[in-house]
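Thanks for asking me to look this one over.

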Amino acid sequence: MLAGAAAAGAAGVVGAVALENHSEAATTSTSQATREPLELTWFGTHAWQIRCGKSVVLTDPWLTRFHTGTFTPEGADPKTKLVIKPDVIDRHLSTADAILVHHGHYDHMADVPYVAKKTRATVLCTETHANMLRAMKTPNDLLSPVRGGEYLPFEGFTIEVFPSLHSCGGKRHTYAYPGYRYEVPPRPRVIEDLVEGGTLAFVITIGGLRILSLSTANFDPNALRGLQVDIVLAAPGGEPGITDRLLQTIKPVRKVIATHWDDFDKPLDDPGIPWTDLTPLRTSVEKTGAEFVVLDHLQQLNL
Ligand SMILES: [Zn+2]
């Protein structure tokens, strides 16, 4: 997610009800699937590592972090230079099979060229993201442009891709750095060069669990209606009531994990500092009966 100081708004989360209470909805076999230990690690923003045995999926792996002013009254300086800190990335990430790019903003995609080269993981992204990644010298053979609707089996997990929407806010319901790149642009140098480029949502089925990954508070109701998952990664912010609408759109879930809630101008090694009050997100989740989970920087959740 990315909105100026006045960030985009509210959102996200999900529903409740223990799985056994809606087994009739088990068309996607969540409750029957064989469970294997899963390890989720949070690196701030929407950067998650999901590991099951040898299989590793990364979402929007941005670990570098640098000062932009996003959460100050003045907002982010669009001319802030893009940098990558390999030492920070190397300290935390080693292998990956898939990198899921949810949208093109720097706080989601700026480290992807380095992480992709290092891990040789398949990068799922839109054509605009792929063009920006090509401009940043990401090996072309790693890029797999998708649009939403794909069902992609990997060894040890599957990825379903859904069209999604960036959260918006303010009088005109806008967000920072919109746009598309239909050809490979000049190399992105500053944060405004990394445009949103379309937003995707993903369902990762791994270790017998289905995880819906949303990088902003917004979502496409037509794409997610009736979706059954076990866990949702949901962001605060967005337009009022958006999380309630999300939880009414998909089938009840048992766990919602807060994502992208930290002030990402602050270091990853320090505890996360919320950029917004998480109470509305928590309230939306808990009133459905779902468990609301908040991890801190570098914390792991074993499922
Ligand atoms: Zn964003």
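**Notes on the fold**

1. Buried residues make up 53% of the 303 residues in this protein. Please keep in mind that the model is predicted.

2. On secondary structure, I find seven helices and 14 strands. Of the contacts with a separation of 6 or more, 70% are between residues 24 or more positions apart.

3. Have a look at the open sheet of seven strands, where the order is β7-β8-β9-β10-β11-β12-β13 and the pairing is mixed. β7 (151-154) and β13 (291-293) are the edge strands; each has a single partner, so one side of each is left without a neighbour in the sheet. On average, neighbouring strands here are turned by 20° against each other, direction ignored.

4. Within that sheet, β8 (residues 157-164) and β9 (residues 199-206) run antiparallel and are joined by eight bridges.

5. Which residues touch the most other members of the largest nonpolar core? They are Ile-99 and Val-123, in a core of 83 residues. Strand β9 gives the most to this core, with six residues. In soluble globular proteins, nonpolar side chains tend to be buried together.

6. Val-123 deserves a click of its own. Leaving aside neighbours within four places in sequence, its contacts include Ile-99, Val-101, Val-112 and Ala-116. Leu-133, Leu-142 and Leu-143 are also among them, as are Thr-138 and Ser-144.

Key:
Residues numbered from 1 in each chain as written. Predicted model: local features only at pLDDT ≥ 70, side-chain atom pairs only at ≥ 80, totals over all residues. Helix = DSSP H or I, 4+ residues; strand = E, 2+ residues; numbered from the N terminus. Buried ≥ 20, exposed ≤ 12 C-beta atoms within 10 Å, placed from the backbone. Contact = placed C-beta atoms within 7 Å. Pairing = 2+ DSSP bridges. Axes fitted to C-alpha atoms, helices over the stretch in contact; angles between N-to-C directions. Core = buried A, V, L, I, M, F, W, Y, C linked by C-beta atoms within 7 Å.
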